[in-house]
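The following note sets out some points on the structure shown below. It begins with the surface as a whole and then turns to individual helices and residues.

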Amino acid sequence: MGALLLLHACYSAHEHASLSTSLSTTSSLLPASITPSSQPISSSSLPLDISLETLASVLLICVGLVMGAEELRPISWRVWAGRVQRGMGQPGEGFEWLEAGKRKGFLDIRGQREEFANWVRGQDDR
């Protein structure tokens, strides 16, 4: 909803700018006696309703993002480690992913050490 309001506010601002530009060029072509006002049309300021719509839509988007976000995790290492040790952490939040072999891109030192030890034992048997 907020994105739709922001889109409409942007469209309204674009239309206001284009209309202001076209009115200022049209009024500059008319003689001074025919122009409705002696003051030039200002294209620098947006109407109040467009500004308020923009602010309301940005506020609505921010509230939606904050309300839709996940619960924040603790920053303190001690709190996080305590929750993981008590088993209160979310699945995949603890250290089990380290032992489960999910780090395929990392070098498995323990596995290679065991393979080397088996290879050495195999050489001694000969």
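Accessible areas here come from the Shrake-Rupley method with a 1.4 Å probe. The model is a predicted one.

1. Surface of the chain. The protein chain exposes about 10900 Å². Carbon and sulfur atoms supply 63% of that area. Of the chain's 126 residues, 11% count as buried.

2. Secondary structure and contacts. The protein chain holds 5 helices and 0 strands. Read from the N terminus, its elements follow the order α-α-α-α-α. When contacts between residues at least 6 apart in sequence are considered, 59% of them join residues at least 24 apart.

3. Helix α2 spans residues 48-68 and has 21 residues. From its first C-alpha to its last it reaches 30 Å, close to the 30 Å expected at 1.5 Å a residue. Ile 50, Glu 53 and Ser 57 are buried in α2. These three cover an arc of only 55° around the axis, so they sit on the same side of α2. An α-helix has 3.6 residues a turn, so residues three or four places apart point the same way. The other side of α2 carries the exposed residues Leu 48, Leu 55, Leu 59, Val 66 and Met 67.

4. Ile 50. This residue belongs to helix α2. Why does Ile 50 count as buried? Its relative accessibility is 7%, and buried means under 20%. Leaving aside residues up to four places away in sequence, Ile 50 touches Ala 9, Ser 12, Ala 13 and His 16. The C-alpha atoms of Ile 50 and Tyr 11 are separated by 9.6 Å, and the two residues are 39 residues apart along the chain.

5. Ser 12. One of the partners of Ile 50 is Ser 12, which lies in helix α1, residues 2-29. Is Ser 12 buried or exposed? With a relative accessible area of 14%, Ser 12 is buried. Residues up to four places away in sequence not being counted, Ser 12 touches Ile 50 and Glu 53.

6. Leu 6. Helix α1 also contains Leu 6. Its relative accessible area is 26%, and Leu 6 is therefore partly exposed. Which residues does Leu 6 touch, when those up to four places away in sequence are not counted? They are Thr 54, Ser 57, Val 58 and Ile 61. Leu 6 and Ser 57 are 51 residues apart in sequence, while their C-alpha atoms are 5.2 Å apart in space.

7. Leu 46 in the loop. Leu 46 is found in the loop between α1 and α2. At 40% relative accessibility, Leu 46 counts as partly exposed. Its contacts, without residues up to four places away in sequence, are with Ala 13, His 16 and Ser 51. Of these partners, Ala 13 and His 16 are also touched by Ile 50. How far apart in space are Leu 46 and His 16, C-alpha to C-alpha? The distance is 7.4 Å, and 30 residues separate the two in sequence.

8. Nonpolar surface patch. Met 1, Leu 4, Leu 7 and Leu 60 make a nonpolar surface patch of about 470 Å². Leu 4, a member of this patch, lies in helix α1. Leu 4 is exposed, with a relative accessible area of 56%. The cut-off that applies to Leu 4 is over 50% for exposed residues.

Terms used. Residues numbered from 1 in each chain as written. Predicted model: local features only at pLDDT ≥ 70, side-chain atom pairs only at ≥ 80, totals over all residues. Heavy atoms only, no water. Helix = DSSP H or I, 4+ residues; strand = E, 2+ residues; numbered from the N terminus. Buried < 20%, exposed > 50% of the residue type's maximum accessible area, 1.4 Å probe, protein only. Contact = heavy atoms within 4.5 Å. Patch = residues over 30% accessible without salt bridge, like charges linked within 9 Å, V, L, I, M, F, W, Y side chains within 5 Å. Salt bridge = Lys/Arg side-chain N within 4 Å of Asp/Glu carboxyl O. Expected span 1.5 Å × (residues − 1). Arc of directions from axis to C-beta.
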